[in-house]
Amino acid sequence: MSNKSKRRSSSIIGRRGFMTAASLAGAAALTQPVAAESGSIAPNPAHKAAEPPKPVAATSSDVELAIRNLVIANRILAHEDVVDAYGHVSLRHPLNPEHYLLARSRSPEQIEIGDIVEYTLDGEPVNDKRAPYLERFIHGGIYAARPDVHAVVHAHSEEVLPFSISTTKLRPVIHDGAFMGAEVPVWDIADKFGHHTNLLVSNMAQGRDLARRLAGNSMVLMRGHGFAAAAPSLYEVVRLAVYAPKNAHVFQAALLLGGKVKPLSKGEIAARVEGPSLKPDTPAALRAWEYWARRAGVADLLPPQPGK
Ligand SMILES: [Zn+2]
């Protein structure tokens with residue numbers, strides 16, 4: 001058995017065992033249903049060929065769980081200062097990989113279960129007439145280009161913005177920065193759409209172009225605007241979005257010291273990203289998810305643990 005095959009088996013067995021025992025029902029929350037068959041895909045799938053969607057064996061209760069966890073993700077990102085009035089997080093629909101779930105146009109800190117809307121990959125809301133996010137095309141563009149991606153975050157984090165306008169490339173320099181991968185490309189909207197846009201991703205052509213620049217990476221900076229992050233699960237994309245600005249902050253501080261800065265090596269990045277201890281169904285992942293959710297005041301949305 002190849003190492004890759006071993007990782008896949010381990011991930012699936014571990015996840016099933018977890019769910020059967022129901023020791024922490026949050027596991028399903030973090031891995032979201034369709035991620036089961038793609039468990040071997042690393043959070044940073046850079047340079048790996050995208051895989052087609054696998055058959056989905058999800059239920060309506062999985063959709064309810066997905067919506068609940070999307071609300072938690074919104075609140076976490078707001079509380080951790082990744083997003084403010086603007087910015088958003090989405091999840092590929094558990095029953096239909098050609099659709100995704102995203103809140104209506106409302107700030108993430110305010111998002112409630114009733115705010116979550118289903119969209120087609122072209123950004124058309126399904127049975128909902130409330131105002132959508134203007135930049136929803138970021139999400140559909142990435143889901144269409146990357147079948148391995150099941151969750152997307154877009155944010156305007158101030159910490160990463162200098163790297164979107166500088167020739168100094170954003171690189172992982174701290175261990176939790178590894179999730180962004182070795183390469184973080186910069187998308188300049190002016191390259192294809194000229195110098196008279198408002199910088200926002202306002203249509204599918206721009207969303208698709210952004211996804212092309214993201215390519216097989218986990219994160220793309222948007223010149224003078226923000227970033228888009230993509231991952232196989234909601235937990236992984238939230239983790240990436242929380243730690244990328246912290247990594248950027250440390251990187252900037254080190255650059256100001258004036259010495260030579262040493263980023264993580266490719267081997268260190270791979271060990272962090274592909275190691276089994278931080279997969280979505282692990283105690284370490286659940287620890288972070290519960291911690292973030294409690295800090296954000298949405299612990300009541302976490303699945304109950306046995307005996308409670
Ligand atoms: Zn934006």
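This is a predicted model: local features need pLDDT of at least 70, side-chain atom pairs count only at pLDDT 80 or more; totals for chains, interfaces and linings use all residues.
Trainee: V82 sits in the loop between α3 (60-79) and β1 (88-92). What makes V82 count as buried?

Mentor: Residues are numbered from 1 along each chain as its sequence is written. Helices (H or I, at least four residues) and strands (E, at least two) are DSSP runs, numbered from the N terminus. A residue is buried with 20 or more other C-beta atoms within 10 Å of its own, exposed with 12 or fewer and partly exposed in between, with C-beta atoms placed from the backbone. V82 has 26 such atoms within 10 Å, so V82 is buried.

Trainee: Which residues does V82 touch, leaving out those up to four places away in sequence?

Mentor: V82 touches L77, G87, A155, S157, A241, V242 and P245, where contact requires C-beta atoms, placed from the backbone, within 7 Å. A155 is 73 residues from V82 along the chain, yet their C-alpha atoms are separated by 6.5 Å.

Trainee: How much of the whole chain counts as buried?

Mentor: Of its 308 residues, 45% count as buried. The chain has ten helices and seven strands. Among contacts with a separation of 6 or more, 73% are between residues 24 or more positions apart.

Trainee: What makes helix α4 mostly covered?

Mentor: Seven of the nine residues in α4 (137-145) are buried, namely F137, I138, H139, G140, G141, I142 and Y143. Their cover includes β1, β2 (99-103), β3 (116-120), β4 (151-155), α7 (204-214) and β7 (226-231).

Trainee: Why are α4 and α7 called oblique?

Mentor: They pack at an angle of about 50 degrees, with axes 8 Å apart. Axes are lines fitted to C-alpha atoms, for helices over the stretch in contact, and angles run from 0 to 180 degrees between N-to-C directions. Under 35 degrees is roughly parallel, over 145 roughly antiparallel, 65 to 115 roughly perpendicular and the rest oblique. The pair is therefore oblique. The residues in contact are F137, I138, G140, G141, I142, A144 and A145 of α4, with M204, Q206, G207, R208, L210, A211, R212 and L214 of α7.

Trainee: Which residues have the most contacts inside the largest nonpolar core?

Mentor: A228, A229, V237 and A241 do, in a core of 77 residues. Helix α8 (234-257) gives the largest share, eleven residues. Such a core is a set of buried Ala, Val, Leu, Ile, Met, Phe, Trp, Tyr and Cys residues joined through C-beta atoms within 7 Å. A229 touches V152, V153, S218, M219, V237, L240, A241 and A244, leaving aside residues up to four places away in sequence.

Trainee: What makes the phi of L199 worth a look?

Mentor: Phi of L199 is near 80 degrees, a positive value in a residue other than glycine. Most residues other than glycine have a negative phi. A215 also has a positive phi, near 50 degrees.

How values were computed: Two residues are in contact if their C-beta atoms, placed from the backbone, lie within 7 Å.
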